Amino acid sequence: MTPEIRRARTAFWWVGVIVPLAMIALASIAVIAWLPEIPEPAAIHWGAEGPDGFGPGWTHLVVLAGVGGGLVVLFAVIALGAHRLYPRDEGAGAPHPRWSPTARLLGAASLGVAGLLSALAVMSVGSQRGLADAVDAPNITPWVFGLLAIAVALSLAGWFLQPPVPLTSGPSGEAATPLPLSDHERAVWVKSVSIAKSGQIVLGIGVFLTIGMGVLLLALDVTAGWIVTVLAVLLLVLVLTGLTFRVRASAAGLRVRSAAGWPRLEIPAAEIARVRAVMVDPFAEFGGWGYRIGTDGRRGFVLRAGDALEVTRTDGRVFVVTVDDAATAASVLAAAAR
């Protein structure tokens with residue numbers, strides 16, 4: 001690990017984990033101390049005219065500690081865990097550990113989210129202290145915009161408090177040598193690839209938290225619960241259709257199709273200008289797993305770290321799919337393009 005990466009990781013721990021959790025803990029202490037002083041049921045949602053949603057007072061604590069703390073921990077697990085996902089090969093061709101702008105962004109987002117939820121919980125509960133009926137609580141809706149501005153400011157501060165680390169590309173091969181075939185021979189190469197287990201765990205946690213939030217909001221009879229539930233279902237469908245893909249290289253060109261049938265992509269041999277095997281780091285270069293657009297404009301199905309097939313089309317667009325034995329697939333496609 002280089003000194004630059006070590007400094008960036010230390011800054012992430014402070015900006016994205018320690019300070020956000022400290023803010024949530026301090027706000028939680030204040031909320032716990034004030035809960036006996038607020039009415040039951042308490043106001044838990046405000047509209048344009050004032051309080052329009054009511055429920056147990058401890059709802060504020062659940063949202064603050066559960067949602068806020070859960071997001072901070074989730075962002076930390078994603079950032080710190082994803083940068084440990086490298087092939088076990090220690091040879092010259094193995095990629096080196098790195099730190100990415102995505103991790104820096106997650107750290108900044110943690111600080112902003114923690115600040116927003118902490119301030120919102122303190123304001124929501126503090127405004128109801130000493131009231132006999134939560135209906136009489138002052139309208140805090142106008143203040144929400146100010147809290148959002150503070151959250152954005154905290155996120156920007158969190159971004160600049162973390163030092164940038166130059167992104168070093170993994171080793172990439174030269175253009176593939178066409179597979180030697182006689183005039184009457186044709187080659188077909190087929191492989192299946194799935195999202196790495198660590199990626200499945202991260203995506204699963206994300207889906208579970210979204211579903212849990214929807215269930216909680218619906219149980220509290222909050223209208224936003226239906227919106228969150230619909231988003232959770234859509235997220236679940238996207239995850240399930242993007243877990244496994246089948247990759248086929250032949251004289252017809254390249255075809256990549258999800259095990260569910262969609263999404264899929266086909267590149268005819270006539271549209272292939274260049275093909276090669278490369279090494280890919282999903283999180284550092286593409287910001288995650290699934291169908292992604294990279295920091296350099298490349299796009300494709302990025303499911304794990306390691307070998308990948310890179311196809312440059314005749315119009316200049318570059319497509320990447322992570323798959324084992326990418327070198328053989330590149331040779332087959334190079335022969336097809338020739």
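**Figure 1. Confidence along the predicted protein chain.** In this predicted model, the protein chain has a mean pLDDT of 83, with 89% of its residues reaching 70 or more. Among the elements of the chain, the highest mean pLDDT, 93, belongs to helix H1 (residues 3-34), and the lowest, 74, to helix H5 (residues 197-219). Over residues 85-96 the pLDDT falls below 50. Beyond near neighbours in sequence, this stretch has 17 contacts in the model.

**Figure 2. The open sheet of four strands.** The strands follow the order S3-S4-S5-S6, and their pairing is antiparallel. At the edges stand strand S3 (189-194) and strand S6 (264-268), each of which pairs on one side only. On average, neighbouring strands of this sheet are turned by 10 degrees against each other, direction ignored.

**Figure 3. The pairing of strands S5 and S6.** Five bridges join strand S5 (residues 253-258) to S6 in the antiparallel sense. Opposite Leu-254 stands Ile-267, a residue of S6.

Figure 4. Ile-211 lies in helix H5. Is Ile-211 buried, exposed or partly exposed? Ile-211 is partly exposed because its relative accessible area is 37%, a value between the limits of 20% and 50%. The C-alpha atoms of Ile-211 and Leu-235 are separated by 9.5 Å, and the two residues are 24 residues apart along the chain.

Note on methods. Residues are numbered from 1 along each chain as its sequence is written. This is a predicted model: local features need pLDDT of at least 70, side-chain atom pairs count only at pLDDT 80 or more; totals for chains, interfaces and linings use all residues. Side-chain values use heavy atoms; hydrogens and water are left out. pLDDT is the predictor's confidence in each residue, from 0 to 100. Helices (H or I, at least four residues) and strands (E, at least two) are DSSP runs, numbered from the N terminus. Contact means heavy atoms within 4.5 Å. Two strands pair if DSSP finds at least two bridges between them. Axes are lines fitted to C-alpha atoms, for helices over the stretch in contact, and angles run from 0 to 180 degrees between N-to-C directions. Buried means under 20% relative accessible area, exposed over 50%, partly exposed in between (1.4 Å probe, protein chains only).
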